[in-house]
Amino acid sequence: MSNLTDLTITQAITGLDNKDFTAVELAQSHIDAMAENKSLNAYITETPDIALRQAEASDKRRASGDAGALDGIPLAIKDLFCTNGVQTTAASRILDGFTPQYESTVTQKLFDAGSVMLGKTNLDEFAMGSSNTTSYYGNVINPWKRDSDNRDLTPGGSSGGSAAAVAARICMGATGTDTGGSIRQPAAFCGITGMKPTYGRCSRWGTIAFASSLDQAGTFARTVEDNALLLRTMSGHDPKDSTSANKDVPDFLAALDDNIKGKTIGIPKEYNIDGTPKEISELWQRGREWLENAGAKTIEVSLPHTQYALATYYVIAPAEASSNLARYDGVRYGHRAPEDDLTDMYEITRAEGFGEEVKRRIMIGTYSLSSGYYDAYYIKAQKVRRLISEDFMKAFEQCDAILTPTAPSAAFAIGDNEDDPIKMYLNDVFTVPASLAGLPGISVPAGLDANGLPLGLQIIGRPWDEENVLKIAGVIEKIANFTAIPKSVIKEAA
Amino acid sequence: MAKLVKGETGDWEIVIGMEIHAQVILESKLFSGAPTKFGAAPNTQVSLVDAAMPGMLPVLNEKCVEQAVRTGLGINSKINTYSVFARKNYFYPDLPQGYQISQFEDPIVGEGEIEIDLPDGSVKIIGITRLHLEQDAGKSVHDQHPKKTYVDLNRSGCALMEIVSEPDIRSPEEAIAYLSKIRMILRYLGTCDGNMDEGSMRADVNISMRRPGEELGTRAEIKNVNSLKAVGQAIDYEAVRQVEILEDGGEVVQETRLWDPVKLETRSMRSKEDAHDYRYFPDPDLLPLKFEQSWVDEIKQTLPELPDQKKHRFTGDFGLSRYDANVLISERSRADYFEAVAAGRDAKLAANWVINELLGILNKNNKTLEQSPISAEQLGGLIALISDDTISGKIAKDVFAEMFTSGKDANAIVEEKGLKQVTDTGAIEAMIDDVIAANPDNVAKYQGGKDKLFGFFVGQVMKKSQGKANPAVVNNILKEKLGE
């Protein structure tokens with residue numbers, strides 16, 4: 001029954017409805033696949049018992065005609081979402097062993113719709129990273145390999161575990177969070193589709209905070225349609241999150257009608273960055289042609305402040321993080337160094353509990369909020385952030401959505417870029433601007449590079465216009481007809 | 001009533017500004033739904049948000065905003081319809097988030113002013129700089145274990161209003177009057193119970209010294225000043241300490257000092273060099289707070305009459321002295337009681353009875369006004385009997401004492417004991433005739449010029465009537481008869 005893991009969510013729902021298989025069988029086939037793929041280190045905590053119990057309950061619901069929208073669908077949950085009674089770590093030693101007594105709004109909505117939890121996926125510590133190498137629980141390995149060598153590649157980050165799990169067919173879909181590209185970049189690296197909705201679309205309640213004004217939950221799946229299905233369930237206003245928008249959730253699935261005639265797609269000229277590999281530029285150009293062939297008009301647009309986006313992001317996100325992570329002090333929960341002196345306890349707890357990248361960002365953030373530097377860094381960054389938002393709003397006067405590459409490279413080898421944080425931060429160059437502006441964005445796999453690694457294209461939409469983003473992504477998906485899957489997965493299927 | 005401090009080299013002026021922290025009266029906390037009951041068992045009034053569990057988010061309690069706006073209106077200050085919550089970052093075990101959500105650059109209430117009443121009867125205006133909303137911290141408990149500190153988070157996240165004054169205060173008396181007036185206003189408004197001993201109202205006092213009229217000096221901030229008495233003591237102590245430093249040619253250090261209510265001294269807590277860099281920035285979990293001016297106007301309609309308005313009405317409409325008015329308005333319940341007694345009656349007489357008799361006897365019996373066995377209606381009834389000459393003022397005091405012990409109405413006591421004043425001139429004349437007949441010697445002496453003996457005759461008549469004879473009638477008839 002191993003081929004059950006190859007199904008899309010939509011196909012699986014049909015199969016369950018048709019009684020081709022049960023939710024328990026579907027869960028079990030994924031649990032088996034997880035056992036075979038442990039080496040990917042995609043999960044921090046696997047919850048097969050919970051999955052089987054939930055699947056059993058799901059089968060009963062379906063039998064009595066009470067099935068929810070995602071009933072019986074096995075999902076992976078990024079280990080940044082608090083799950084009631086299941087360890088939640090943010091991939092940090094400081095939360096090792098922490099078990100929340102509450103359920104995040106997003107996961108609650110997924111479970112209310114009947115989905116089944118396979119486990120909690122690995123990530124960069126506190127979602128800080130682009131390679132999933134900063135996790136206390138070790139790095140995740142991308143199921144893809146280069147044609148030319150057998151080196152382990154990064155799945156991207158920070159939601160690397162979720163992306164790798166979806167690509168490796170050890171879950172049907174997964175939750176992620178995206179602060180500066182943490183869904184879109186790993187989706188591109190792993191050859192799957194990942195969607196970050198508009199800031200405020202999904203509740204942040206119960207999701208461990210990295211940078212509050214940027215963090216947004218989103219989805220991973222192998223098709224645009226599956227993403228739409230997951231996102232429809234996860235979205236909605238939550239009175240427990242003051243920044244969650246009180247807006248109706250449209251039927252994202254209904255938007256997927258492939259009709260983009262009359263739409264105008266903007267191509268931002270500032271995204272032609274020196275050093276971008278030729279095949280990525282060419283893929284971008286191809287995407288433009290695909291959309292034109294499907295009846296859309298494409299125009300060049302300008303986002304003049306793009307060059308400041310990364311610098312702006314790396315002031316704002318660490319500033320918020322430095323304050324958000326202050327609660328991990330060893331006093332109430334999580335890791336505590338057994339020191340008698342209060343200051344020693346704080347310092348050693350946090351020195352032991354946080355990894356290098358998290359410490360780096362706490363220090364950057366603390367510095368930029370310090371008196372004497374606040375105006376020069378934080379205030380200035382906020383001003384630039386506004387300008388970046390205004391760039392997009394002006395562009396959206398001319399176009400309905402924007403097409404860009406998702407990342408400036410394909411998946412790189414584990415260990416590469418580690419010596420230079422700035423080089424690592426450049427991974428987010430195409431995704432960060434939309435994050436700063438709070439815009440919805442999606443990455444769709446659109447081709448392979450010369451080494452046989454997947455590359456993604458990104459669609460960025462107007463605020464609250466996930467429908468057009470999904471619709472356009474659906475068109476690219478159809479025309480690109482990306483059918484490649486990692487060789488390791490093919491081997492197992494055989 | 002600026003009080004100058006005499007130094008060896010001349011006079012010094014004390015310059016004081018105050019920051020008052022007032023816990024908002026509310027069922028739940030500023031950003032969580034947890035209850036706020038005082039005195040509950042440790043860590044029983046704590047939500048996931050108050051304990052800063054991972055992923056928890058603050059949601060502003062709108063009732064808090066209303067309380068802050070009410071208070072802002074009550075202290076005659078500008079209400080800002082746009083304000084911003086900011087994080088004040090520092091580490092402490094009773095601060096679970098590692099930051100306090102407060103307001104920094106854009107507070108909910110801006111500038112204003114209040115009147116304070118000084119012991120010499122004068123009135124002074126003190127400027128208000130701002131009022132902002134913020135979270136309270138929890139409590140560190142150091143005395144439960146020889147080496148360990150325990151943390152009680154019941155207070156963590158409770159709503160506080162910080163009211164900051166301009167440096168307009170010039171003496172301990174003014175500081176006490178200011179704190180008292182703020183407390184009185186908050187209690188009238190029902191926005192803070194003002195209980196300093198329970199910690200629901202706390203004051204930090206900023207003090208500096210200067211030569212009269214010169215530039216402001218360097219200030220020290222005194223914390224832990226938790227009673228009106230301590231405010232006076234701390235200022236007196238600190239003024240002397242600073243003058244000594246200045247006159248020795250030294251410089252006052254800008255620092256935070258702690259008031260020790262046992263040793264009666266201030267001690268250095270931390271200097272400016274060790275001062276925290278709080279790294280304030282707007283809280284990204286909360287949107288800026290915006291509301292309509294029309295909502296503020298609606299709240300304004302619901303404000304009670306405030307102490308100063310009452311005071312002006314009591315002195316103006318009722319003709320009370322400023323002193324009496326101040327005594328009566330000091331608590332809203334007291335003013336309400338007085339007004340109920342005075343309704344339709346002689347207000348001055350009512351004020352006298354409330355202040356001198358009722359408050360006196362309550363005080364002697366350790367009772368509050370709320371525990372008074374005599375209701376305002378009952379006291380009003382007694383005053384009506386005095387006003388219509390049913391009983392004399394002297395008899396009234398006896399009736400009052402009886403009311404206090406029995407709780408009975410004045411009327412009933414007067415009826416029961418037959419205390420009605422005798423105004424029947426015939427009956428009084430008969431008694432006077434008896435007294436004159438019984439004291440021929442004294443009559444002769446009086447008529448011989450010993451005027452002072454008039455009192456003797458009045459006394460004899462009153463005694464004969466068992467105190468019930470109307471004194472005015474007795475006087476008139478006696479004068480007539482003795483004058484013959």
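Modeller: Two residues are in contact here if their C-beta atoms, placed from the backbone, lie within 7 Å, and everything that follows refers to a predicted model.

Colleague: How many residues of chain B are in contact with chain A, and what classes make up that side of chain B?

Modeller: By that cut-off, 26 residues of chain B are in contact with 34 residues of chain A. The side of chain B that touches chain A comprises 17 nonpolar, 4 polar and 5 charged residues.

Colleague: What makes you call chain B more spread out than a compact globule?

Modeller: The globule rule gives 23 Å for 484 residues, whereas the radius of gyration of chain B is 30 Å, well over that value, so chain B is more spread out than a compact globule. Along its principal axes, the C-alpha trace of chain B spans about 95 × 55 × 50 Å.

Colleague: Where do the domains of chain B lie in its sequence?

Modeller: The domain assignment places domain 1 at 4-298, domain 2 at 305-417 and domain 3 at 425-483. The C-alpha centres of domain 1 and domain 3 of chain B are 67 Å apart.

Colleague: Why is helix α5 of chain B called oblique to helix α6 of chain B?

Modeller: The axes of α5 (residues 307-316) and α6 (residues 322-329) of chain B come within 9 Å and cross at roughly 140°. Angles over 145 degrees count as roughly antiparallel and 65 to 115 as roughly perpendicular, and the crossing at roughly 140° therefore makes α5(B) oblique to α6(B). Residues making this contact include B:F314 of α5(B) and B:L328 of α6(B).

How values were computed
Residues numbered from 1 in each chain as written. Chains lettered and ligands numbered in written order. Predicted model: local features only at pLDDT ≥ 70, side-chain atom pairs only at ≥ 80, totals over all residues. Nonpolar A, V, L, I, M, F, W, Y, C, P; charged D, E, K, R; others polar. Domains from an automatic or database assignment. Axes fitted to C-alpha atoms, helices over the stretch in contact; angles between N-to-C directions. Helix = DSSP H or I, 4+ residues; strand = E, 2+ residues; numbered from the N terminus. Parallel < 35°, antiparallel > 145°, perpendicular 65-115°, else oblique. Rg over C-alpha atoms; globule rule 2.2 N^0.38 Å.
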